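Hi everyone, thanks for coming along. I'd like to walk you through two spots in a structure, so let me put it on the screen.

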Amino acid sequence: MEGNIKLIRDDGLRLDGRANNEMRPIKIQTGVVQRADGSAFIEWGANKIIVAVYVREAYPKHAQNIDRAIVKARYNMSGYSVEERKRPGPDRRTMEISKVVSEALSSAIVLEKLPRAEVDVFIQVLEADAGTRIASLTASSVAVADAGVPMRDLVVGCTAGKADGKVVLDLSKDEDNFGQADIPMAILPRTGKVVLLQLDGDVTEEEFNEATSMMMEAMPRISELQKNALMDKYSLEDGE
Amino acid sequence: METKKIVYPGDKIETGDLKPRNGMYESNSEFFSEYFGVIQESEKFIDVAPFNSPYLPRVNDKIIGKIMDIGPTMWTVDINSPYYSLLHMNDSPWHVSSGDLERYLKVGDYVYARISVSNEIKESWISMRDNGMRKLETGRIISVKPPKVPRVIGKGGNMINIIKTYTDTKIIVGQNGFIWVDGEIENVKQAIDAIRIVEKEAHTIGLTDRMEEYLKKMKGEN
């Protein structure tokens, strides 16, 4: 079945009219949850994700780390965020995403500054349209910075993959479902250290390298959006 | 409106001749910001002042706390921080016998107290055995972001003093971000509005003058 589906149009553009190295539009906003320490809302293409961050003493007490904080991200999908209703509650996939997001954030947060604490990151996916783990992570890192948790860098993520035998950036839902590979990646932009890298599907070494270099090119742009989102809350109304 | 230089986590900080101090980390003998905040330069030091950060207890800070729980000999106190603090009955201004703590402070009461002990794992104890330390009986409590507290107080207290004078209220600013405001209800509202503006525009220059104008105008209208 896979072979029969056309994901690249005859004019060389993708089904949604993007070039192969073009991102979907991204919009990030902070301060969307009043009582949270930090929060962010991201629209990445049709993905809509809300993130709230709370910092507190870790509970239960025996789970505390005496010398550093623990990061607990909880990725959750709303029932009708996807085409066919998702049974609510954690499952294998959401637990995996919670884990990889927690670990990616842990490598950016200066954990020693908050001994015994826990950084709770609640990720609620309101609408999913491929690439939610990376969108969640990108928004989470903005929300954590908004909460004033010390961080070494703002984690930024991006996906690439293979559709119709061509390497493309930022997979859409169809390309994700019917393409040959999906590679989410997240880095710390200052050093270029990779904090998340997964691969689902088949790619050759050259294709993998092409995909990563494509993502590396796109990340600074997403980084810029993250910074603008943080700043927006503090620019005064008169625009000065 | 002029603003100070803004940095994001991971941004390189040009220290020049100044000694790097708070809010940054070192990597390959260069310094990078740990927060989303502004650069603050003093005569000797350079700091990153975050726009937002959790309150971490420091000895001798005068804070406002909310009683969360009552034990046989200690109250557990919320100090607007990720970490709870403790108030031992012997550190209260009353002669309390063990098991009888609820007679003096109930859950939900607010106290003005000083942090007497704090350790490296952020455990802390507060004490009310000091001048001016007491239970806050009337008035309203609001909370501002802890890093904004110095701006709400102003240089030598001039910001909070002009708010007090113009709105005719009593105000206590806890270093942890809880603020107690007492007075006539309309005045309290005005004072709270003023504090909210200071909190929002804390990173701009010339704020005290603008606030004074704002308060004058507000008083003129009424």
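This is a predicted model: local features need pLDDT of at least 70, side-chain atom pairs count only at pLDDT 80 or more; totals for chains, interfaces and linings use all residues.

Let's start in chain A. Helix 1 of chain A covers residues 92–106, and helix 2 of chain A covers residues 132–146. The two pack at an angle of about 40 degrees, and their axes are 10 Å apart. The crossing of helix 1 of chain A past helix 2 of chain A is right-handed.

Which residues meet there? Helix 1 of chain A brings A:Ile97, A:Val100, A:Val101, A:Ala104 and A:Leu105. From helix 2 of chain A come A:Arg133, A:Ser136, A:Leu137, A:Ser140, A:Ser141 and A:Val144. By type, the residues of this contact are seven nonpolar, three polar and one charged.

Now over to chain B. This chain is divided into domain 1 (6–50), domain 2 (62–136) and domain 3 (140–221). For domain 2 and domain 3 of chain B, the C-alpha centres lie 26 Å apart. Where they touch, nine residues of domain 2 of chain B are in contact with 10 residues of domain 3 of chain B. On the domain 2 side, strand 7 (62–70) and strand 10 (110–118) of chain B are the elements giving two or more residues. Strand 7 of chain B supplies the largest share of that side, three residues.

Notes: Residues are numbered from 1 along each chain as its sequence is written. Chains are lettered from A and ligands numbered from 1 in the order in which they are written. Axes are lines fitted to C-alpha atoms, for helices over the stretch in contact, and angles run from 0 to 180 degrees between N-to-C directions. Helices (H or I, at least four residues) and strands (E, at least two) are DSSP runs, numbered from the N terminus. A crossing is left-handed if the near helix is turned anticlockwise from the far one by less than a right angle, and right-handed if clockwise. Two residues are in contact if their C-beta atoms, placed from the backbone, lie within 7 Å. Ala, Val, Leu, Ile, Met, Phe, Trp, Tyr, Cys and Pro count as nonpolar, Asp, Glu, Lys and Arg as charged, and the others, Gly among them, as polar. Domain bounds come from an automatic or database domain assignment.
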